Amino acid sequence: MDGLLTPRESAKFIAENSRDVFIDGGGVRRVAELLLAKAAGPELRVGAWKAFHELNPKAADEAAVNWVFVTDTLNFSFWSESDEHKCLVGYGGKTYSGYWSLCAAVNRALDEGIPMTSASYYATVTLDEVRHILRSDTDVPMPLIEERHRILNETGKILLEKFEGSFLNCVRKSDKSAQKLLHLVVESFPSYRDVTQFEGKRISFYKRAQILVADTWSVLEGKGDGCFKDISRITMFADYRLPQVLVYLGALKYSDELLEKLLKGLPA
């Protein structure tokens, strides 16, 4: 996309021009050392994606890839104002919140015989059906149900029109390149285009698009169609938890003005 900075370029430009958020070199080193210590263990290996969470698919097939596509397409806005009032979904004897409540709801639907990961189904799924599929076990519903319904319809139709209803066909068009798949996703599916303006530049986050590429690589275990030769070019995802972690670890510093707003719960 002409004039649009990639996520990596965007991050560099924002860091160089930010007035309220700053990178601390010593803190970055501490984070790197922490990750290095973990790198030799099982948590950061490609198999960890399946091994360390029971809701993720265990297979490495087309059905698993389509599950990843649906959950990542709907992976947005799970924020709740308090722990006492949030959307919760029970599945397999456990209760899940946040993104995992979505995964639990998708798996629950599949168990009920609802073809939730089939593009031909969710391209025409109704709002009432989406409300049922994503129903909460509390009186707090899944956020933005109408928007999730709209995106499911839009995405399902595009998947049917361009990729014969299977995200694996999209993956195969990437020629085993994570970067090519990333750009194919943001060019093909409008909901994945998180782009904005900052200091006169067009910048991209591509949060869910990069998560989708990484999850596809993980579910396929970095083999076959998922053997992306440039997977290391995918950047850290712009998740709202990451700034919290990086500030806690000292890699990021906030201005006094921003910190005061955050502590008061005001919009930044």
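Trainee: What makes up the accessible surface of the protein chain in this predicted model?

Mentor: The accessible surface comes to about 14,500 Å². Carbon and sulfur atoms account for 56% of that area.

Trainee: How many of the residues count as buried, and what makes a residue buried?

Mentor: A residue is called buried when its relative accessible area is under 20%. By that cut-off, 42% of the 268 residues of the protein chain count as buried.

Trainee: Why does the radius of gyration agree with a compact globule?

Mentor: For 268 residues, the globule rule gives a value near 18 Å. The protein chain has 19 Å, so the two agree. Along its principal axes, the C-alpha trace spans about 50 × 45 × 40 Å.

Trainee: Which share of the contacts joins residues 24 or more positions apart?

Mentor: A contact means heavy atoms within 4.5 Å. Among contacts with a separation of 6 or more, 66% are between residues 24 or more positions apart.

Trainee: How do you know that strand 4 and strand 5 pair?

Mentor: Pairing needs at least two bridges between the strands. Four bridges join strand 4, residues 195-198, to strand 5, residues 201-204, so they count as a pair. The two run antiparallel, and Phe 198 stands opposite Lys 201.

Trainee: What lies between the strands of this hairpin?

Mentor: Two residues lie there. In this hairpin, Glu 199 takes a positive phi near 50 degrees.

Trainee: How many helices and strands does the protein chain have?

Mentor: There are 13 helices and six strands.

Methods. Residues numbered from 1 in each chain as written. Predicted model: local features only at pLDDT ≥ 70, side-chain atom pairs only at ≥ 80, totals over all residues. Heavy atoms only, no water. Rg over C-alpha atoms; globule rule 2.2 N^0.38 Å. Buried < 20%, exposed > 50% of the residue type's maximum accessible area, 1.4 Å probe, protein only. Areas by Shrake-Rupley, 256 points an atom, 1.4 Å probe, with all protein chains shown as cover.
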